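Student: Before we start, please show me the model. I would like to learn how to read its features.

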Amino acid sequence: MLGVSDETLELIAFEPQGSFIVGGGPGSGRSNALAVLARSVRRWQPDQVMVYLGGRRSTLSTALPWDIAATEVEEIAVTAKELREAIESGQGTRRMAIFIEGVSELVNTPADAPLAQLVRALKRT
């Protein structure tokens, strides 16, 4: 469940598939929203590979036991490349939830192109 409808007060369901963005300004609760979403996905499918790519200082980096976590720019670049290669080769047979936090901080860094390529690979699957 994603939340409660403001019109009907019924639970709002969603299909955890594809990609979407959680946005907002500083202090708006983005990290908390992503943590709740990550915990929900983990409960829904406990054997799913959970991936975190983002800053070490974020509360999200320690919000749950990630299967794969990268918190430094160079580490994020390498991990994104490895994930893309696994997806494109068909090795990534388990379901995977990838949480990328602070994308704007990764633009024009060594992680920029590998992340863009990973997202494109995910959209093709």
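Strand pairing and cores

Tutor: Tyr52 stands opposite Phe99 in β5. This is a predicted model, where local features need pLDDT of at least 70 and side-chain atom pairs count only at pLDDT 80 or more, while totals for chains, interfaces and linings use all residues. Residues are numbered from 1 along each chain as its sequence is written, and side-chain values use heavy atoms, without hydrogens and water.

Student: How many bridges join β3 to β5?

Tutor: Two strands pair if DSSP finds at least two bridges between them. Here 5 bridges join β3 (residues 49-53) to β5, and the two run parallel. Strands are DSSP runs of E with at least two residues, helices runs of H or I with at least four, numbered from the N terminus.

Student: Which residues of β5 lie on the covered face?

Tutor: Ala97 and Phe99 do, whereas Met96, Ile98 and Ile100 form the uncovered face of β5 (residues 96-100).

Student: Which residues touch the most other members of the largest nonpolar core?

Tutor: In soluble globular proteins, nonpolar side chains tend to be buried together. A nonpolar core is a set of buried (under 20% relative accessible area, 1.4 Å probe, protein chains only) Ala, Val, Leu, Ile, Met, Phe, Trp, Tyr and Cys residues joined through side-chain atoms within 4.5 Å. The largest has 14 residues, and Val51, Leu53, Ile76, Leu106, Ala111, Leu115 and Leu118 touch the most other members. Two or more residues each come from β3, α2 (73-89) and α4 (112-124); α2 gives the most, with 5 residues.

Key
Buried < 20%, exposed > 50% of the residue type's maximum accessible area, 1.4 Å probe, protein only.
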